[in-house]
Amino acid sequence: MLNKRIIGVVTVRGGWAVQSFGYKSYLPLGKPEVLVENLDRWGADEILVNVIDRSSKKLGPDFNLIGKIADLGVSTPIIYGGGIRNENDGINVVQRGADRISINNMLFESQDSVCKISDNLGSQAIIASLPLSFIDGQLQHYNYITRKSVDISSEIIALFRTKIVSELMISDWMNEGSLDRFNIDLIKSRELIGSKLIAFGGAGDPRVGKKIMEYNNVSAVAIGNPFSYKEHAIQNYSNQLNADFLRPPYFRDELTYDWNQ
Amino acid sequence: MRKVSIGIVDSGIGNVSSLYSALSILGYSVRVTDDPSLLDLVDIMALPGVGAFPAVMKIYDSNGISDYIKSAADKDRPIIGICLGMQLLTDSSEESNSFKGLGLIPGKVVRISNSRWHIGWNTLKSSGQSEFLKSDMGSTVYFNHGFQYQGDLDYHVAVVDYFDEIPAIIKYRNLIGFQFHPEKSQDAGRYILQNTIEELMNAK
């Protein structure tokens with residue numbers, strides 16, 4: 001049986017891993033590659049490295065960080081997001097150490113580039129990242145660069161329906177950083193019908209995570225802050241969910257096996 | 001003792017760094033190249049995953065790598081294909097009207113039925129046809145694909161349950177295909193890579 005996934009999220013800003021609160025305030029945590037190494041050791045199902053200031057500063061992808069993570073020999077699938085501008089960026093990010101990519105800004109600025117990346121990497125490798133909220137009962141997308149919420153255009157919805165991307169990561173950006181305030185109504189939005197969803201932002205409480213993952217259209221929950229500083233955080237989260245739709249918690253002790261013996 | 005050497009066949013598309021790191025950590029001598037004179041020197045070739053079938057076959061066909069891989073397979077040199085790399089070893093894919101596969105493993109690649117993609121962790125079951133990698137059955141490994149192998153059951157080593165059964169490991173002569181990503185399946189995947197390489201080397 002295909003298991004649902006718990007994705008560990010490392011948010012990076014100014015070269016440092018940070019705790020993020022509501023897309024507006026940040027607390028530094030340390031070197032991103034150290035957090036990635038922890039999440040790998042603690043058995044995340046995937047790890048999202050989300051570099052949030054690369055697109056706004058027009059810096060392109062953080063290849064230096066991707067290279068550092070590749071050098072660690074991480075054994076968990078890596079999703080990279082941040083600064084991807086075109087098909088070459090997407091291909092290079094995967095070549096240099098990621099296994100999937102997450103795109104946000106490009107969805108709105110260059111849908112042609114999204115299609116070209118999909119033509120080269122396959123749609124299974126692409127996740128669309130969407131910060132969402134309801135404003136006056138209307139589902140709106142939050143543009144983190146302009147800091148404004150706007151309606152989701154029919155063009156974007158059509159893009160999802162053509163399956164150019166495989167999954168949508170819907171971020172409850174207003175509740176990001178909270179433990180348990182993820183707005184379940186986002187999952188039920190008619191605009192998202194037919195898409196596989198990854199839920200992020202306010203799902204750090206396992207009871208909320210379980211509630212979210214019981215929806216058929218949800219394939220994963222993504223957790224940031226709560227997984228950043230507690231040893232064995234993922235195993236504990238998984239244990240508390242105690243759900244048969246997850247794989248059993250995994251833990252690697254580097255001392256148990258020497259691959260080169 | 002001489003290290004086993006592995007050549008990752010580089011098309012310019014694919015998660016070559018992930019595969020390179022995993023194989024290096026396992027202690028193998030690894031190079032990433034599309035140069036036949038360097039691939040001649042390695043014990044085992046590996047075709048990496050992550051990519052679209054037509055995009056990578058177009059590159060393989062245009063730079064002569066397709067012919068080189070076919071000729072290597074004719075000489076029974078061992079080849080491992082991972083995810084898309086496995087699909088390229090077959091005759092054809094529904095993902096591409098323009099490009100045929102390498103035609104080395106009889107069978108074709110078709111769209112997964114009942115779902116557009118199979119993404120996440122799933123548990124290997126023996127197909128009952130093969131003793132290959134018997135000790136790794138029951139392992140939970142990472143998949144990320146929208147197409148699957150369809151061919152003779154004799155070539156199935158392992159399958160996973162997803163609506164119907166999806167072939168997860170296939171074997172034909174010295175050609176091994178993984179539909180999942182052993183390089184990104186934590187310890188379970190590393191054991192599978194190590195056991196596969198050992199078995200291929202023992203068979204030489």
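A: Start with one rule. Two strands count as paired if DSSP finds at least two bridges between them. Keep in mind that this model is predicted.

Q: In what order do the strands of the open sheet in chain B lie?

A: In general, strands of a sheet pair through backbone hydrogen bonds, either parallel or antiparallel. Here, eight strands of chain B line up as 2-1-3-4-13-12-11-8, with mixed pairing. Strand 2 (29-33) and strand 8 (125-126) of chain B are the edges, and each pairs on one side only.

Q: How many bridges join strand 4 of chain B to strand 13 of chain B?

A: Four, and the two strands run parallel. Ile79(B) stands opposite Leu175(B) of strand 13.

Q: Which way do strand 12 and strand 13 of chain B run?

A: Antiparallel, with four bridges joining them. Tyr172(B) has Leu175(B) as its bridge partner.

Q: Which residues of strand 13 of chain B are buried on its two faces?

A: In a regular strand, side chains alternate between the two faces of the sheet. In strand 13 of chain B, Leu175(B) and Gly177(B) are buried on one side, and Ile176(B) and Phe178(B) on the other.

Q: Which strands does helix 4 of chain B lie across?

A: Helix 4 (residues 65-74) lies across strands 1, 3, 4 and 13 of chain B. The helix runs at about 135° to strand 3.

Technical notes: Residues are numbered from 1 along each chain as its sequence is written. Chains are lettered from A and ligands numbered from 1 in the order in which they are written. This is a predicted model: local features need pLDDT of at least 70, side-chain atom pairs count only at pLDDT 80 or more; totals for chains, interfaces and linings use all residues. Side-chain values use heavy atoms; hydrogens and water are left out. Contact means heavy atoms within 4.5 Å. Axes are lines fitted to C-alpha atoms, for helices over the stretch in contact, and angles run from 0 to 180 degrees between N-to-C directions. Buried means under 20% relative accessible area, exposed over 50%, partly exposed in between (1.4 Å probe, protein chains only).
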